[in-house]
Amino acid sequence: MATDPIETITVDLEIYGIPQTPDMPPMTDTYLHVRRRQDGSAQRAVLGLPAYQGEPGPAGPPGAIHKGDRTTAQLTALGTSYGQAQLNWAYRNTDTNAQYVWRGDGWVVYQNAYGLKGDKGDPPTLQPGTVSYDGAVAGDAVMEITGSAGGPYALHLDLPEPPEGPVGPPGPSGSVIDSVDVDGDPTDGQSLRWRSADGKLHWFDPPSAIEEYVVPPSGFPAAFDKASTVTRQQLVAVTIPAKTYPYRFDFSGGVDVKSNAGHQIDLEIRRDDAVSGAIVGYGKGQDGEGWREVALRAHSDVAIQPGSTQGVVEPGTIVDLYLSAVKKAGVTLGWGYRPDLAQLRVRLTRVA
């Protein structure tokens, strides 16, 4: 083997020691590679050293902590009370848009750290579209935008009438008393009745047993005979107190009268006045001699049909009734009366 080198490579190595503490692992498997090209030019030298992960280093200084916006006067006042506990607290100065950072003993100011607020943009461009219900187009919406330049803006929509939906399930039963179709409040025992005048149901006292007023024979005057010139004699007066319901009169009963041939004695029941009041009851006598009973019945000068108000006594009305004997025919002879079995029965018939 030849002992003379065919090439000489000169390598300068600088090796530095790395300080190690006693608790570090030993540095092992160290190697050094020196390479060259075939043309003799040097390429690269590589030194391999063992590596290991060290312990975490000490914590660095805290970053800026943004605390909000303040004016110059407010920041000046804060600087008189802040200490190390507020280190790196940062604020935006709303007067200058600078950033103030507390360094522990004073403020560090970064001028123009915040940009100015830009101009308001143009209002949005909107146009109405169609309105659909369950996929079916109901029509176009009418839209209006109101508001000054820069806003705020209000959007108003006028939607087309929606189609009628299917009938829903029956709701819970409501109270008849609270219904909008019922007028007023009931009292004990009242029933409802329809009134076409206002299209509502009204409370009323339902018909019950007929109220009746009876004047017996003892309530009539003593028997008498009248001269031919006397044509009228009052027999009975009855006062009917005010009622809470409307009604009409019905009468029955009779009185014995005596007359002669060519003479006739009738009975009249008048309302409110014994002579000029409206006739509500009548008894027609007969032409003949001797004693005859004249029977009483209700009377009306006009036609009455269901629903008519003719002859109705309204609630709250007091009525005075007068029964009189009246000579209707004959002028030459007198006439007489007797209370034997005389009777006046006044019935109040309720009007629904």
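L126 counts as partly exposed because its relative accessibility is 45%, where buried means under 20% relative accessible area, exposed over 50%, and partly exposed in between (1.4 Å probe, protein chains only). The model is predicted, so local features need pLDDT of at least 70 and side-chain atom pairs count only at pLDDT 80 or more, while totals for chains, interfaces and linings use all residues. Residues are numbered from 1 along each chain as its sequence is written, and side-chain values use heavy atoms, with hydrogens and water left out.

L126 lies in the loop between β6 (107–110) and β7 (130–133); strands are DSSP runs (E, at least two residues), numbered from the N terminus. Together with I145, Y153, L155, L157 and L159, L126 makes a nonpolar surface patch of about 550 Å². In such a patch, residues have over 30% relative accessible area and no salt bridge, and nonpolar side chains (Val, Leu, Ile, Met, Phe, Trp, Tyr) are joined within 5 Å. A salt bridge is a side-chain nitrogen of Lys or Arg within 4 Å of a carboxyl oxygen of Asp or Glu.

Another loop, between β10 (154–158) and β11 (182–183), holds V180. V180 counts as exposed because its relative accessibility is 66%. Between V180 and K200 there are 8.4 Å in space, C-alpha to C-alpha, and the two are 20 residues apart in sequence.

A search of the whole structure finds one cavity of 30 Å³ or more, a cavity being a set of points on a 1 Å grid over the protein atoms alone where a 1.4 Å probe fits but cannot get out, with lining residues having an atom within 4 Å of a point. The largest cavity has a volume of about 40 Å³, and its lining consists of V257, S259, I265, Q286, G290, R292 and V294. β17 (247–259) and β20 (290–295) are the elements that give two or more residues to this lining, and β20 gives the most, with three.

Methods. On a 1 Å grid over the protein atoms alone, a cavity is a set of points where a 1.4 Å probe fits but cannot get out, and a pocket is an open set with protein on both sides within 12 Å along at least five of seven lines; lining residues have an atom within 4 Å of a point. Grid points are joined across faces, edges and corners, and a volume is the space filled by probe spheres set on the points. Helices (H or I, at least four residues) and strands (E, at least two) are DSSP runs, numbered from the N terminus. Patches are made of residues with over 30% relative accessible area and no salt bridge: like charges are joined within 9 Å, nonpolar side chains (Val, Leu, Ile, Met, Phe, Trp, Tyr) within 5 Å. Accessible areas come from the Shrake-Rupley method with a 1.4 Å probe; for residues, only the protein chains shown count as cover.
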